[in-house]
Amino acid sequence: MLLVVTYSRTARQTLRNVCSAHGDTVVRRFGRAALFEATEFGAFLALRMRERHGEDVQVERTEPLNEYRDTPESVREAARAYEEEAHDNTPYAKFASGTDHPDPDSMRAESI
Amino acid sequence: MNVGDERVAVDLPDADPAAVVDAVEGEDEVPWSGGRIDLPEPGPLHDRLNPVEPGLSVSVRSALAAAARSRGLEAPQDDEIRRVEAELSGVDPEPVDAERARRRAAEAGDREAELSERVAELRGRVRAREAAGLDAGDARERLSAAAGDLAETRTERLAAEQLLDRTRERARCQRDLRERRLRLEDRLGNLEREARAHLAAVLWDEFRDAVAAVPGDGRAGANPGSFEGDPVTAALAVFRVGDPEVPAVLACGRFSDAETAAEVLDAPVIRVEG
């Protein structure tokens, strides 16, 4: 999908107008951002906004995350264990130390 | 606005209201029978209400706030408004030309794909000629030239992608500034709205009296902002309450002459109704 984020009042207003006029292409709206369908028409709407508002409109292409394809098991396992086993206010770094779970810095250093 | 001690009250029965408004806004002097007079900068009252003619659309609260400003009234939000404005003027995101970087990266990618295809094709041709026992010298030479081009293009593409990454990084920093600017603008907008509501409330009783004093239908309720009736009546009442910098331009057919209008509105008037 296309993530469209606005950074000015006028661009935000244009996004509102686009969302109400093209509900079928707008998948979801969040305040001053929205997800458009990844179609030529979605791109057309996003690009027209960028023509009008320049860099006050950010357009990113998003894709769904398949954790089984995109992340190593150690990360998935760490997320599961942290959620299930840690107390609510235990920071992850503390939870992971002395275990086989990856520490946060090493995960930060790895792109997926 | 006064000329000497005399308040401006001018009838221009044949003038076009829009043309008079243009003249009032212009740096030129306003021509009318009897002379030409330099006008001060039009203020918010003028911007909101002139020309006063049927079909006018008025936000009573905003217009009344403008009337309050024309009288020099201040709102409790003014200090904070000035502070936010000052902060806002210091937030100035730099433009980042990400479009050029995107285009360069995309074009370099296209060229590389094209050349890569050409190299594969030439390689196939060399193999085919060799397998058929034909002279492959020519084909090999072309393959080697294309492979050289491909290597060069790949270097270009990598450079273009690195540039794009750096540009995106810079754009991301600038977006933090843009986001901050947007938050300040929203804050300013809220403060200004609160200030307008305050000012309208301060003048509300005067406005209700003024609605009763000017000709035409209309009734102001007890709560600031509640007005029912012809918007022209509201506009006239706002002029009466305010202290306008430039004349009210009246094309509403409510007054018999400019003198009367100026008297009722307690304001300078140009009347353009025949």
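**View 1. Strand β1 of chain A and its burial.** Strand β1 (residues 2-6) of chain A is mostly covered, with four of its five residues buried (buried: 20 or more other C-beta atoms within 10 Å of the residue's own, C-beta atoms being placed from the backbone). Strands are DSSP runs of E of at least two residues, and helices are runs of H or I of at least four, numbered from the N terminus. This is a predicted model, in which local features need pLDDT of at least 70 and side-chain atom pairs count only at pLDDT 80 or more, while totals for chains, interfaces and linings use all residues. Residues are numbered from 1 along each chain as its sequence is written, and chains are lettered from A and ligands numbered from 1 in the order in which they are written.

**View 2. Pairing partners of β1(A).** Over four bridges, β1(A) pairs in the antiparallel sense with strand β3 (residues 33-36) of chain A (pairing: at least two DSSP bridges between two strands). Within β3(A), A:Leu35 is the bridge partner of A:Leu3. Five bridges join β1(A), also in the antiparallel sense, to strand β4 (residues 57-61) of chain A; there A:Val57 stands opposite A:Thr6.

**View 3. Helices α5 and α6 of chain B.** The axes of α5(B) (residues 98-131) and α6(B) (residues 137-202) come within 8 Å and cross at roughly 160° (axes: lines fitted to C-alpha atoms over the stretch in contact; angles: 0 to 180 degrees between N-to-C directions). The two helices are therefore roughly antiparallel (over 145 degrees).

Definitions and conventions. Parallel < 35°, antiparallel > 145°, perpendicular 65-115°, else oblique. Buried ≥ 20, exposed ≤ 12 C-beta atoms within 10 Å, placed from the backbone.
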